[in-house]
Amino acid sequence: MTSTSETSTRKFPVQSIAAKVFHWNNIISVFVMLTSGLQIYNANPVFGGRSSLHIPPIFTLGGWLAGGRHWHFAAMWLFSLNLLWYGIYVLITRRWLHRFASSKDLKALHKTKNSRRLIYAWHRIVYTSIIPILLLALFSGIGMYKPAQFSWIVSLFGSWQALRIVHFSSVPLVILFATFHSWLGMKAGGSELTESMFW
């Protein structure tokens, strides 16, 4: 009887339609960029895919160099526009006040002994850390795509080779972010919180 009443009165997390659309677009665009990026790596001798580590075709998208590039940049536009409109949405709705890390979260890491408060603090810190990672991935990708037209981006990174290293390094960083972001979300709100982001 008690468990039934607790279930009926339990408040489940509810997310906005904008948050759901944002998460779905992110998953689709990142998946396409990752698989098409691996195809570009395989097909382009500049990246070493032909002579060193070769990615099995089952993990790639595009079939050849031009196909991989077409998929990669189509997904890049979806990803960029998705980030832009969601950034505007976060500013307008003031969601940034409780979504991103603040000095209070940094203090909590040192002072609080409340495990739940620590989880929330780490969650916001990890959530905030993805911003510079995504900006580096986008700018380095644009610089690699059009190094002559965007020579100032290449200059910011020092060289085209440095640009390439930064861009490829962003891939494992995004994967690490997604892993920790999902794990901390589960710790903070359980499977209901994770599911509420998509359904």
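Along the sequence, the protein reads α-α-α-α-α-α-α-α. The model is predicted. Its secondary structure comes to eight helices and zero strands. Of the 199 residues in the protein, 35% are buried. Among contacts with a separation of 6 or more, 63% join residues 24 or more positions apart.

**Helix H3**

- H3 covers residues 65–93, which gives it 29 residues.
- From first C-alpha to last, H3 reaches 42 Å, close to the 42 Å expected at 1.5 Å a residue.
- The buried residues of H3 include Gly67, Gly68, His72, Phe73, Ala75 and Met76.
- Further along H3, Phe79, Ser80, Asn82, Tyr86, Tyr89 and Val90 are also buried.
- In an α-helix, residues three or four places apart point the same way, because there are 3.6 residues a turn.
- Arginine 94 follows H3, and its phi is positive, near 60°.

**H3 against H6**

- The axes of H3 and H6 lie 12 Å apart, and the two helices pack at an angle of about 140°.
- H3 passes H6 in a left-handed crossing.
- On the H3 side, the contact is made by Arg69, Phe73, Met76, Phe79, Ser80, Leu83 and Tyr86.
- On the H6 side, Tyr127, Leu134, Leu138 and Tyr145 take part.
- By class, the contact of H3 with H6 has nine nonpolar residues, one polar and one charged.
- Phe73, Met76, Phe79, Ser80 and Tyr86 of H3 are buried, and these residues also belong to the contact with H6.

**H5 against H6**

- H5 spans residues 103–111, and its axis comes within 9 Å of the axis of H6.
- The two axes cross at roughly 135°, so H5 and H6 are oblique to each other.
- H5 passes H6 in a left-handed crossing.
- H5 contributes Lys104, Asp105, Leu106, Ala108 and Leu109 to the contact.
- These residues meet Arg117, Leu118, Ala121, Trp122, Arg124 and Ile125 in H6.
- The residues of the contact of H5 with H6 divide into seven nonpolar, no polar and four charged.

**Threonine 35**

- Threonine 35 is found in helix H2.
- Threonine 35 has a relative accessible area of 9%, so it falls under the 20% cut-off and is buried.
- Leaving aside its neighbours within four places in sequence, threonine 35 is in contact with Phe59, Thr60 and Leu61.

**Lysine 187**

- Lysine 187 is found in helix H8.
- Its relative accessible area is 45%. Lysine 187 is therefore partly exposed, since that value lies between 20% and 50%.
- Beyond its neighbours within four places in sequence, lysine 187 is in contact with Arg116 and Ile119.
- Lysine 187 and tyrosine 120 are 67 residues apart in sequence. In space, the two are 9.1 Å apart, C-alpha to C-alpha.

Methods
Residues numbered from 1 in each chain as written. Predicted model: local features only at pLDDT ≥ 70, side-chain atom pairs only at ≥ 80, totals over all residues. Heavy atoms only, no water. Helix = DSSP H or I, 4+ residues; strand = E, 2+ residues; numbered from the N terminus. Expected span 1.5 Å × (residues − 1). Buried < 20%, exposed > 50% of the residue type's maximum accessible area, 1.4 Å probe, protein only. Axes fitted to C-alpha atoms, helices over the stretch in contact; angles between N-to-C directions. Parallel < 35°, antiparallel > 145°, perpendicular 65-115°, else oblique. Left-handed = near helix turned anticlockwise from the far one by under 90°. Contact = heavy atoms within 4.5 Å. Nonpolar A, V, L, I, M, F, W, Y, C, P; charged D, E, K, R; others polar.
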